[in-house]
Amino acid sequence: MVSAVHFEPQQPFGGKAWVVLVAGSHGWGDYGFQANIYHAYHIAVARGVPKENIIVFHYDDIAANPSNPTPGVVVNTPNGTDVYAGVPKDYTGKDHTVKNFFAALKGDQELAKADKKVVNSTLNDHIFVYFIDHGAPGYVLFPKEQMHNTDLIKTLTEMNAAKRFAKLVFYLEACESGSMFEKVLPNNINVYGMTSTNSTELGWNCCRDTKRQAWVSSYFGYYWYKNWQSTDFVKETLQDQFEYLHNTTNQTGVMEPGQHAQHAHQWGDLSITKLPASQFQGPTPFIQVSNADLDKPICNPVNTREMPVQMLEKNIEETNDMHEKLRLTQEL
C-alpha cells in the first residue's frame, strides 16, 4: 500500500493541476453532454488552469450536426452564448475511446509520440477529472463502448502505485453513477470521487432549447458551473462544494410521483475534501464573467433515459408541418 500524501488546506499547493474533461456521448439527442464539457473547458481556463494542462475528450458531432440551426455554435443554456469556440480537439471521433482515456490519464508515451496530449503528472501534482454520459449499474458509456467500474478503479490504483499524482478527484455524472465507485473505490489510494447520483438513481437533464429542440444542460453540471463561476475557490473546500451540489441538485421537488430523485454522493478518500477547490479546478480566486446565462431559471426537467422520447414528443407538439408531424410520430 502506498502511503497517503496529506495536504493541509492552509498550505500553498506547489504542484501542477491537470484537468481531464470527458463527454462520453455522441449524437444530437445527447447535445447537453458535450455542451457541458465545452463550458467546463472555458471555466477551467478562466480559473487559471493552463491550457496545456487541460485534455478534452468529445466526439465533436454537435457543432456541425445537420440538426444544428446555428452551425458552429453550441450553447449550454437556452439561447445562451457559444461555448464551442476555442475548445481543443484532443480526442475526437475514432480517437475517443476508453483505451485512449486510460492511456492519456497514465501519461502514455506512445500517445505523446503520436502528438496526442497526455497527463504528464508527477507525485507533486493534482488531477481533476469530470466525466458525463449515460450510465447503468457498473458502467458508463463512451461513444462506441462501455467503461466498467473495475477497469476504471484498476487504472486509478495503478496510477497511484506509479506515483502519478498526489491527489486525484473524479466527478462523474450519469444515471446510477454511484455504482462506478461504491464498494470498489479504495479509501487509501489518494482518490476522491463525487457522483451526481447514488447507485440506483437516474440522472436529470434540464434547459430545453426550443430553437435547437434539445436539452442543452444537466442539473449537476448547471449548478456546478454556477458555483465554479461565482465562488472563491481558495476559501471553498471540496466538501463545501459537495454540500452545495448535494442540496441544490436534489430533484425530489420537481418530479412526478414515483420518479427517481437525484442526490450527489461522495466516495473514496474523504480527507481530500478538506482541500480547497482551487487546487483542482483552478487557482484564480474569482473569475470576472457574466452569470447572465446561469441566472436563468432551471427549466424542463427530464431524466436522462427519457430524453429521446420526450424530445420527439416536444417536437411533435411544436411543429405545424403535418408531414413533419407524421414523420416524427412514426419515429416515436
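**Note on the helices and strands of the predicted model**

1. Helix 2 (residues 98–105) is mostly covered, with seven of its eight residues buried; buried denotes under 20% relative accessible area, as against over 50% for exposed and partly exposed in between, with a 1.4 Å probe and protein chains only. The buried residues are Val98, Asn100, Phe101, Phe102, Ala103, Ala104 and Leu105. Just after helix 2, glycine 107 adopts a positive phi of about 70°. Helices (H or I, at least four residues) and strands (E, at least two) are DSSP runs, numbered from the N terminus.

2. On the basis of the note: this is a predicted model, in which local features need pLDDT of at least 70 and side-chain atom pairs count only at pLDDT 80 or more, while totals for chains, interfaces and linings use all residues. Residues are numbered from 1 along each chain as its sequence is written, and side-chain values use heavy atoms, with hydrogens and water left out.

3. Strand 5 (residues 139–141) is joined to strand 6 by three bridges, and the two run antiparallel. Leucine 141 has glutamine 146 in strand 6 as its bridge partner.

4. Strand 9 (residues 204–209) has six of its six residues buried, and is therefore largely enclosed by the rest of the structure. Strand 9 pairs in the antiparallel sense with strand 12 (residues 302–303) over two bridges, and tryptophan 204 has asparagine 303 in strand 12 as its bridge partner. Strand 9 also pairs in the antiparallel sense with strand 10 (residues 214–218), over four bridges. There, the bridge partner of cysteine 206 is serine 217 in strand 10. The hairpin of strand 9 and strand 10 has four residues between the strands, and glutamine 213 takes a positive phi near 50° in this hairpin.

5. Helix 5 (residues 219–228) and helix 6 (residues 238–248) have axes that come within 10 Å and cross at roughly 140°. Helix 5 is therefore oblique to helix 6; angles under 35 degrees count as roughly parallel, over 145 as roughly antiparallel, 65 to 115 as roughly perpendicular and the rest as oblique. In this contact (heavy atoms within 4.5 Å), Phe220, Tyr223, Trp224, Lys226 and Asn227 of helix 5 meet Gln241, Tyr244, Leu245 and Thr248 of helix 6.

Technical notes. Pairing = 2+ DSSP bridges. Axes fitted to C-alpha atoms, helices over the stretch in contact; angles between N-to-C directions.
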